[in-house]
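Dear colleague,

Please find the structure for your review directly below. My findings follow it.

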Amino acid sequence: MLRLLSFALFLAIWWIAALFVGGAKLPSPPAVLEVMIAEASSGALFLHLGATLARVTLAFTLAMSIGSAIGYLMGRVKLADRLGDPWLILLLNLPALVVIVLAYIWAGLTETAAIAAIAINKLPTAIVTLREGTRALDRSLDEMASVFAMPRRRAFRHVVLPQLAPYIAASARSGLSLVWKIVLVAELLGRPNGVGFEIGVAFQLFDTPRLLAYSLTFAAVVLVIETLVVQPFEARANRWRPRAA
Amino acid sequence: MRLEVEITGKTFTSAAGGTHEVLAPVKFALQSGEVGVLIGPSGCGKSTMLRIILGLDRDFAGRVARPPEARIGMVFQEPRLLPWRSVEQNVRLAAPDISDAKLSELFRILELEAHRSHFPGELSLGLARRVALARAFAVEPDLLVLDEPLASLDDALAGRLRDEIATLVASRPIMTLLVTHSLDDAIRLGDRLFFLSPRPARIVQELPITIPRAARSEAEIAAIRTELARRIQAEQDDIHAGRDVS
């Protein structure tokens with residue numbers, strides 16, 4: 001209910017601002033909705049949205065799985081941490097644009113280049129978060145598992161993974177928002193479809209309603225995924241914690 | 001089955017670079033069906049000794065021989081339960097082969113039936129300790145290690161849990177190693193008591209109790225306690241006398 005109210009407030013502010021600024025710079029909500037419906041009925045909206053979502057899914061999955069594995073290793077093995085740390089610092093501070101442009105130069109304007117570039121941007125934050133989580137693992141529970149001779153897989157699943165879950169969730173959440181932002185840049189620079197491409201077109205034509213139609217639909221999809229996937233996962237991972245009053 | 005402990009020394013290097021001796025040479029053995037009790041002042045190195053015996057700490061001089069196939073059940077000083085798993089899951093994860101009937105029986109003895117599906121965070125310390133006991137017994141251990149399992153519980157509860165431990169230990173021929181500073185627990189549960197010196201720990205006295213555990217009456221327990229107190233006093237007098245001479 002409160003969320004709905006907050007959304008209504010957002011619409012109201014937008015509408016009022018549109019009245020002041022004028023339709024060319026900031027179209028009113030109905031004008032944007034009209035474009036949305038037109039794009040949706042032609043099928044273009046779903047095509048571009050689908051292309052973007054596919055890239056996000058692939059790059060996100062890739063970065064999360066590889067990043068988590070590396071982060072876990074660096075948290076557990078001192079040598080890996082020492083060796084990996086300079087690379088990590090480099091990756092963390094490398095601007096997204098540089099990675100994307102280099103990927104396109106080296107691998108051509110291909111899907112692989114785009115997805116790899118997006119994944120590489122997300123990778124270091126996943127590593128850092130999971131390394132922190134691994135460092136915070138409770139040694140006394142490791143000892144318990146070892147004394148009771150728990151097989152490695154069982155210990156990992158029931159002792160280690162639940163401790164990492166909050167870190168994985170945090171990394172997924174921050175990572176998703178990072179990937180959302182970067183995927184559009186990658187599409188703008190070197191892909192013939194996707195929300196980023198459409199926004200590029202809208203920018204060249206100074207077509208604000210179209211720009212807003214695509215970005216808001218995109219934002220809505222992000223919101224839905226956040227509520228339907230990320231938040232339930234967090235809730236499940238934290239279900240054993242006594243609830244805050 | 002037999003546990004042989006022959007530690008010739010254990011030192012550790014502190015962050016400041018100094019070397020500290022934690023354990024002096026310590027040697028003892030334990031047979032199946034025996035309850036050995038380690039009694040010593042806080043910080044004397046008991047926990048270090050346990051970690052070595054359990055194989056958690058391999059950086060020591062000497063040897064620990066226990067049959068490689070021996071199953072270990074352990075009750076740590078803090079319960080060390082998995083907070084994200086229910087009471088029942090905590091036990092089952094350590095003892096996946098336990099039958100439903102056995103588990104129910106164990107929960108009945110330890111009065112945990114009502115808490116099967118609770119998470120450890122919802123339990124009192126006393127209950128959590130009972131879950132830790134249930135877990136240790138559920139694996140049907142050959143070597144049971146109890147590290148101050150009754151510390152910080154009120155007398156009534158500690159007494160009941162002690163009786164439960166005695167019942168469970170009597171039900172199977174296992175080697176049990178109990179660490180405590182309660183003389184009372186030691187006399188009521190132990191077959192052989194090992195008194196440890198302050199750090200670096202060594203065994204200053206080894207005292208067998210010949211009366212079977214079940215047959216120890218209150219009067220006999222009191223008699224053993226008096227005898228122990230006398231011996232400990234004598235020991236301390238010796239130490240003081242020794243110091244005076246040097």
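Glu148(B) is buried, with 20 other C-beta atoms within 10 Å; a residue is termed buried if 20 or more other C-beta atoms, placed from the backbone, lie within 10 Å of its own, exposed if 12 or fewer, and partly exposed in between. Glu148(B) has a positive phi of about 45 degrees although it is not a glycine. Its place is the loop between E7 and helix H5 (155–171) of chain B. Helices (H or I, at least four residues) and strands (E, at least two) are DSSP runs, numbered from the N terminus.

This is a predicted model, in which local features need pLDDT of at least 70 and side-chain atom pairs count only at pLDDT 80 or more, while totals for chains, interfaces and linings use all residues. Residues are numbered from 1 along each chain as its sequence is written, and chains are lettered from A and ligands numbered from 1 in the order in which they are written.

A positive phi of about 50 degrees is also found at Glu140(B), again not a glycine. Glu140(B) lies in the loop between helix H4 (125–138) and strand E7 (143–147) of chain B. Is Glu140(B) buried or partly exposed? Glu140(B) is partly exposed, with 16 other C-beta atoms within 10 Å. As background, most residues other than glycine have a negative phi, and most peptide bonds are trans.

A cis peptide bond, with omega of about -5 degrees, joins Arg199(B) and Pro200(B). Pro200(B) sits in the loop between strand E9 (192–196) and strand E10 (203–208) of chain B. These two strands are joined by a hairpin through six residues. E9(B) and E10(B) pair in the antiparallel sense over five bridges, pairing being assigned if DSSP finds at least two bridges between two strands. Leu196(B) stands opposite Ile203(B) in E10(B).

E9(B) also pairs with strand E4 (residues 35–39) of chain B, in the parallel sense and over four bridges. There, Val37(B) stands opposite Leu193(B) in E9(B). E9(B) is mostly covered, as four of its five residues are buried.

Finally, the contact between the chains takes 15 residues from chain A and 16 residues from chain B; two residues are in contact if their C-beta atoms, placed from the backbone, lie within 7 Å. On the side of chain A that touches chain B, the elements that give two or more residues are helix H7 (139–147) and helix H8 (152–190) of chain A. H7(A) gives the most to that side, with six residues.

Yours sincerely
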